[in-house]
Amino acid sequence: MKRILAALALVFVMLTPALAVSPDEVLDDPQLEQRARDISAGLRCLVCQNQSIDDSDADLARDLRILVRERLVEGDSNDEVEQYLVDRYGEFVLLNPRLSANTIVLWVAAPLLLAIGLIGIFVARRRQATPTPAGLTPEEAAALAALEDDTDKRS
Amino acid sequence: MSIELGHFALILAFAIAVVSAFGGLVLWRRGQRLANVMSHAAILQFVLVAVAFAALVHAFVVSDFSLLLAVNNSHSLKPLIFKISGVWGNHEGSLVLWILILVLFGALVAAFGRRLPADLLNLVIGTQSLLTAAFAGFTLFTSNPFLRVANPPLEGGDLNPILQDIGLAIHPPLLYAGYVGFSICFSFAIAALISGRIDQAWARWVRPWTMLSWIFLTLGIAMGSYWAYYELGWGGWWFWDPVENASFMPWLSGTALLHSALVMEKRNALKIWTVFLSIITFSLSLLGTFLVRSGILTSVHTFASDPARGLVILAILAILIGGAFTLFAIRAGALRQGGLFAPISREGALILNNLFLATAVGAVLVGTLYPLVLDAIAGTSISVGAPFFNFTFSALMAPLLLVLPFGPLLAWKRGDLVAAGQRLVAAAALAVFLTILISALGGVSISMVPIGLLLGFWVSFGSIAELIERSRLGRIPLRESLRRLAGLPRSIWSTAIGHLGLGITVLGIVSVSAWETERVTTLNPGETTELSGYTIAFDTFEKVPGPNYVAETGYFTVTAPGGSVEKLEAERRIYVASGMPTTEAAIQTYGFSQLYLQLGEPLEDTHVIRVWHKPYILLIWLGALVMAGAGMLSLTDRRLRVGAPRPAARAIPEPAE
């Protein structure tokens with residue numbers, strides 16, 4: 001019975017929303033706090049669906065928020081805090097992936113697509129421009145001459 | 001009994017779809033006689049799927065817990081509207097809704113398409129039936145919504161509480177109407193490729209369907225965004241969630257299609273590209289369905305995570321999309337290009353529009369799928385989140401917004417950039433002036449803000465520049481100007497209003513990103529806090545039972561800087577059946593700005609209160625509404641309704657005396 005109660009209690013704790021940034025987490029120094037917020041917005045809540053730890057109500061996100069603030073208080077720079085978390089949780093924790101051999105394709109995709117599109121348009125135009133309109137057939141030339149002749153006479 | 005009737009109707013619809021897909025795609029040359037049969041088959045499919053859908057709705061409304069789907073997703077205490085919307089708040093039911101809209105569009109083509117050439121109609125309905133067959137088959141064989149339980153329970157398991165919202169009643173049907181509407185463009189593209197015939201009449205046919213789907217998708221996305229904003233509880237309105245991206249990509253590509261179909265309709269150019277975009281747009285809709293339904297992505301949108309289903313959907317996708325592109329590769333060369341134009345021209349501007357939109361689609365697609373692919377290939381997990389998308393997407397949209405106002409001012413074939421620029425001088429000056437003024441007054445903490453503001457104002461004023469120019473406002477008497485305005489073609493109005501909507505949305509996004517303020521604090525009843533000039537008093541706190549949940553409600557009094565006083569209620573709810581907690585934020589609107597107040601968890605005998613001030617946030621969705629309205633205006637344009645001449649009516653012989 002005790003076990004069931006404990007299990008129920010655990011379920012309840014997991015379900016209770018501990019919503020994003022709580023007042024008891026906030027640092028006294030507003031500048032440090034703002035830095036903490038900026039860093040948090042770029043860190044993934046690892047157990048959530050595509051949420052930053054700044055937005056998430058999960059317990060893990062809370063732990064990470066507190067961790068970020070602890071590192072800042074100890075004098076880490078923003079990059080050092082990020083590195084500290086990457087060392088522990090891997091690149092997965094960063095919502096903005098770093099440029100590396102693994103992510104080079106991701107980062108160059110957009111400029112590359114734009115370049116391919118531009119080249120495609122250029123090639124299509126070149127190809128389209130090549131067939132110049134064919135000259136007049138002898139019959140058409142004769143008809144045109146007759147028309148011009150006619151106009152000249154009238155004026 | 002009605003369940004079995006619905007089940008049977010869906011099976012019958014599947015069978016008819018299979019036959020009609022075969023008939024349409026193989027025997028399409030048979031002409032008018034086949035077309036008559038195809039039209040009836042399309043309408044019959046719609047009637048049958050409607051019966052199947054109605055059977056499900058009925059079971060949910062009367063809480064028939066012998067239906068497995070109702071057991072898992074309904075509850076007898078739920079309000080009626082949520083019982084109905086619960087039908088599509090799950091994997092199986094949402095598929096039936098998907099199919100219902102698919103066959104509805106097929107039936108609409110059959111009903112309004114009597115003037116289409118018979119061969120084209122056969123091919124279009126044939127392709128449409130192929131899609132119906134694929135998805136009805138998938139539903140029947142892997143995700144049957146009509147399964148019964150031998151021993152019906154007394155009560156159902158209830159619907160995910162986050163989904164128990166009016167949003168679920170509106171958001172999925174709108175979104176699906178948009179997604180699935182693009183199937184018509186797809187079918188027309190396939191028909192053009194198979195028959196090798198494509199002309200301006202084709203574009204004139206495709207464009208209203210594209211526009212209609214685009215309007216639905218625009219409204220659906222805006223609605224979903226607003227729903228997430230008020231329901232999820234921290235006031236975010238766009239998360240670059242893979243599922244959001246899945247709906248955003250068809251929107252971007254559909255927007256490109258609208259513009260390229262315009263070039264094709266007016267100038268008979270860009271044919272191959274337009275066909276390609278038609279295929280791409282619907283493929284992205286299908287990909288969205290796959291991403292959401294397969295369980296590859298877990299999110300609130302994913303109802304079932306069953307790998308077997310995912311594989312079947314993937315197979316359907318591979319066959320449909322792969323088949324379409326193979327057909328494109330073989331047949332695209334047969335389509336003749338026409339309509340020469342100079343680089344600086346309306347056509348050129350629309351190509352530039354397509355270039356940036358298509359690149360944006362590519363960038364979002366790569367960003368969405370990259371983590372999945374990298375995980376599969378290298379086994380490395382990375383995250384691609386909001387910071388990446390914000391950067392990439394803004395970088396691609398900025399040049400598009402910059403050149404946008406020029407487009408409508410350039411002439412077809414050969415435009416005059418200098419003349420267009422001269423007509424935009426006033427708009428540019430006004431945009432620069434307002435940007436400097438607001439940046440000075442509002443204080444700018446992020447360096448990109450002035451650029452965003454400038455672009456937002458530039459697009460807004462630039463879009464209405466043509467209206468002002470054409471009405472000669474200020475240069476001739478006002479009444480004459482108004483008369484001229486009223487006489488302008490609807491296409492000019494809808495272009496201007498649509499682009500204005502985009503500008504409004506940009507301004508809303510910039511404003512809320514730059515000047516949002518937030519306060520997180522603990523309060524007891526009787527205490528007050530303050531944010532951006534608003535005074536928030538926490539009056540009382542009580543527990544209130546709801547129909548199928550218990551709520552803790554905080555009552556607040558907010559005094560605005562102007563002195564107006566409002567009473568607000570914010571709730572935390574625990575749903576009885578599932579034990580799941582949700583929060584209901586209190587939102588108060590001041591003009592276009594909102595105050596967003598959320599009652600947080602209890603903390604050491606006090607309550608955590610979070611308040612946000614979101615300046616001009618409503619502009620984001622207002623802009624989307626304006627865009628959709630512009631689309632509707634464009635649909636009423638006579639030129640779109642008169643697609644092709646009506647075939648001469650057969651003379652009715654006079655009865656003899």
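How are α5(B) and α6(B) oriented to each other, roughly parallel or roughly antiparallel? In this predicted model, helix α5 of chain B covers residues 91-112 and helix α6 of chain B covers residues 118-142. The two pack at an angle of about 165 degrees, and their axes are 10 Å apart. Angles over 145 degrees count as roughly antiparallel, and α5(B) and α6(B) are therefore roughly antiparallel to each other. The crossing of α5(B) past α6(B) is left-handed.

On the α5(B) side, the contact is formed by Glu92(B), Leu95(B), Val96(B), Trp98(B), Ile99(B), Leu102(B), Val103(B), Gly106(B), Val109(B) and Ala110(B). The residues from α6(B) are Val124(B), Ile125(B), Gln128(B), Ser129(B), Leu131(B), Thr132(B), Phe135(B), Ala136(B) and Thr139(B). By class, the residues of this contact comprise 13 nonpolar, 5 polar and 1 charged.

Helix α5(B) is mostly covered, with 17 of its 22 residues buried. Its length was also compared with expectation: at 1.5 Å a residue, the 22 residues of α5(B) should span 32 Å, and the end C-alpha atoms are 32 Å apart, which agrees.

Between the chains, 35 residues of chain A are in contact with 43 residues of chain B. On the side of chain A that touches chain B, helix α5 of chain A (residues 104-129) gives the most, with 9 residues. That side of chain A consists of 19 nonpolar, 12 polar and 4 charged residues.

Notes. Residues are numbered from 1 along each chain as its sequence is written. Chains are lettered from A and ligands numbered from 1 in the order in which they are written. This is a predicted model: local features need pLDDT of at least 70, side-chain atom pairs count only at pLDDT 80 or more; totals for chains, interfaces and linings use all residues. Axes are lines fitted to C-alpha atoms, for helices over the stretch in contact, and angles run from 0 to 180 degrees between N-to-C directions. Helices (H or I, at least four residues) and strands (E, at least two) are DSSP runs, numbered from the N terminus. Angles under 35 degrees count as roughly parallel, over 145 as roughly antiparallel, 65 to 115 as roughly perpendicular and the rest as oblique. A crossing is left-handed if the near helix is turned anticlockwise from the far one by less than a right angle, and right-handed if clockwise. Two residues are in contact if their C-beta atoms, placed from the backbone, lie within 7 Å. Ala, Val, Leu, Ile, Met, Phe, Trp, Tyr, Cys and Pro count as nonpolar, Asp, Glu, Lys and Arg as charged, and the others, Gly among them, as polar. The expected span of a helix is 1.5 Å times one less than its number of residues. A residue is buried if 20 or more other C-beta atoms lie within 10 Å of its own, exposed if 12 or fewer, and partly exposed in between; C-beta atoms are placed from the backbone.
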